[in-house]
Amino acid sequence: MSAGTPTGKPAGRFRRLLDRLSSSQEELQSAELQRDTQTTGCTRICDCDDRQIVKVTGTLRHVTLRPRAGVPALEAELFDGSAALDVVWLGRRSIVGIEPGRKLIASGRVSMSHGRRVLFNPKYELRPLGQE
């Protein structure tokens, strides 16, 4: 969904309406998540580099229990509309409130594992359910 015309000028009301009607549901959700990232002052996941300390926000898409080196690990995929990031809590089998569809803010040091961005044992804040 475009915020303006190709020349960079703001789009008119009709153009924005036309863009909304012709966009898929996934594109609209991605645009909403990216706006949420800006309003909370978080870093877009696509802009996160290896070994960088970041604060990111998004929606949990998948939550699974997957042992790592014999230790239980709760893994979740966080999506912010620009890219996805894996959030891993080592030594945990479950965390109340960590479930698919839940929005959260997570902060920590990003690492790369098998070509994917990962946050291990991040500080996190669950977003209130009323804001979703």
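Arg-127 counts as buried in this predicted model, at 10% relative accessibility. Its side chain meets that of Asp-36 in a salt bridge, with 3.0 Å from N to O. Asp-36 belongs to helix α2 and Arg-127 to the segment after β6 (123–126), so the pair ties together parts that are 91 residues apart in sequence. Asp-36 likewise counts as buried, at 15% relative accessibility.

**Salt bridges**

The structure holds 7 salt bridges. Side chains of opposite charge can pair when their charged atoms come close. Besides the pair already described, the following can be set out. Glu-77 forms a salt bridge with Arg-61, and the closest N and O atoms are 3.0 Å apart. Because Glu-77 lies in strand β2 and Arg-61 in strand β1, this pair ties together parts that are 16 residues apart in sequence. Glu-77 is buried, with a relative accessible area of 11%, whereas Arg-61 is partly exposed, at 39%. Both residues also take part in a network of salt bridges that links Arg-61, Glu-77, Asp-86 and Arg-116.

Another salt bridge joins the side chains of Asp-47 and Arg-44, again with 3.0 Å from N to O. Asp-47 counts as partly exposed, at 39% relative accessibility, and Arg-44 counts as partly exposed as well, at 32%.

The table collects three of these pairs.

| Asp-36 | 15% | Arg-127 | 10% | 3.0 Å |

**Strand β2 and its partners**

Strand β2 (73–79), which holds Glu-77, is mostly covered, with 7 of its 7 residues buried. Cover is found on both faces of the strand: Ala-73, Glu-75, Glu-77 and Phe-79 are buried on one side, and Leu-74, Ala-76 and Leu-78 on the other.

Strands β1 and β2 run antiparallel and are joined by 6 bridges. In this pairing, Thr-59 has Phe-79 of β2 as its bridge partner. Strands β2 and β3 also run antiparallel, with 7 bridges between them. Here the bridge partner of Ala-73 is Leu-90 in β3. The two strands β2 and β3 form a hairpin with 4 residues between them, and Gly-81 in the turn has a positive phi of about 95°.

**The nonpolar core**

The largest nonpolar core contains 18 residues, of which Val-56, Leu-78, Leu-85, Trp-89 and Ile-98 touch the most other members. Two or more residues of this core come from each of β1 (53–65), β2 (73–79), β3 (84–90) and β4 (103–113).

What does Trp-89 contact, apart from its neighbours within four places in sequence? Its partners are Pro-72, Ala-73, Leu-74, Ala-76, Ile-95, Ile-98, Asn-121, Pro-122 and Tyr-124. Among these partners, Ala-73, Leu-74 and Ala-76 are buried residues of β2, and Ile-98 is itself listed with Trp-89 among the core residues that touch the most other members.

A disulfide is a covalent bond between the sulfur atoms of two cysteines. A search of the whole structure finds 0 disulfides.

Most residues other than glycine have a negative phi. Arg-51 has a positive phi of about 70° although it is not a glycine. This residue lies in the loop between α2 (25–40) and β1, and Arg-51 is exposed, with a relative accessible area of 51%.

His-114 is another such case, with a positive phi near 55° in a residue other than glycine. His-114 lies in the loop between β4 and β5 (116–120). With a relative accessible area of 82%, His-114 is exposed.

Note on methods: Residues are numbered from 1 along each chain as its sequence is written. This is a predicted model: local features need pLDDT of at least 70, side-chain atom pairs count only at pLDDT 80 or more; totals for chains, interfaces and linings use all residues. Side-chain values use heavy atoms; hydrogens and water are left out. A nonpolar core is a set of buried Ala, Val, Leu, Ile, Met, Phe, Trp, Tyr and Cys residues joined through side-chain atoms within 4.5 Å. Buried means under 20% relative accessible area, exposed over 50%, partly exposed in between (1.4 Å probe, protein chains only). Contact means heavy atoms within 4.5 Å. A disulfide is a pair of cysteine sulfur atoms within 2.5 Å. Two strands pair if DSSP finds at least two bridges between them. A salt bridge is a side-chain nitrogen of Lys or Arg within 4 Å of a carboxyl oxygen of Asp or Glu.
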